[in-house]
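Thank you for making time today.

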Amino acid sequence: MKHDKSNILAAAIASQKGIIKDLEQRKNDIMANDGNVNEEEYDRTEQSIKSSLIDEAEAISDELHFVRDELRELEKIKVHAASKTVVPGAVVVTNRGDFFVSASIEGFNVGKSHFFGLSRRSPLYKKMQGRKVGARFRLNKLDYVIKEIY
């Protein structure tokens, strides 16, 4: 089922904002819990706990940076008329799923349809870029067929 690309873009942006909110909350929880262990345990494992918390907070910060960059990419996308080839802003329906060429996004739903955001830097996009409906290609031992582009 075809969906209006404006709705797909809005759902992708909402999904990305939700991920950012969740990551920020996780990071805030980590920072708030710094040192919230009983005194005896704290004395034995202070360095280990602090190191682990710092590592986790840094990993979340890195992930937040990436997700925010992808959100900025999404916000630049201009939805336009259907294309005959795979280009940024296109929806590509394949035998392996439906992709919105925009930014790297975990799966998100629009109505009853499920989409994956596909970054222009991804190997999958590079394989399908410029191809037309009916094109076949292989990536990581998986065969793809482009069924529809809009």
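The accessible surface of the chain comes to about 9,200 Å², and 48% of that belongs to carbon and sulfur atoms, with areas taken from the Shrake-Rupley method with a 1.4 Å probe, where for residues only the protein chains shown count as cover. Please keep in mind that this is a predicted model, in which local features need pLDDT of at least 70 and side-chain atom pairs count only at pLDDT 80 or more, while totals for chains, interfaces and linings use all residues. Residues are numbered from 1 along each chain as its sequence is written, and side-chain values use heavy atoms, leaving out hydrogens and water.

Of the 150 residues, 39% count as buried, meaning under 20% relative accessible area, whereas exposed means over 50% and partly exposed lies in between.

Ile8, in helix α1 (residues 5–33), is buried, with a relative accessible area of 0%. Leaving aside residues up to four places away in sequence, Ile8 touches His3, Val91, Phe100, Phe108, Val110, Phe115 and Tyr150, where contact means heavy atoms within 4.5 Å. Ile8 and Phe108 are 100 residues apart in sequence, yet 9.0 Å apart in space, C-alpha to C-alpha.

Notes. Helix = DSSP H or I, 4+ residues; strand = E, 2+ residues; numbered from the N terminus. Buried < 20%, exposed > 50% of the residue type's maximum accessible area, 1.4 Å probe, protein only.
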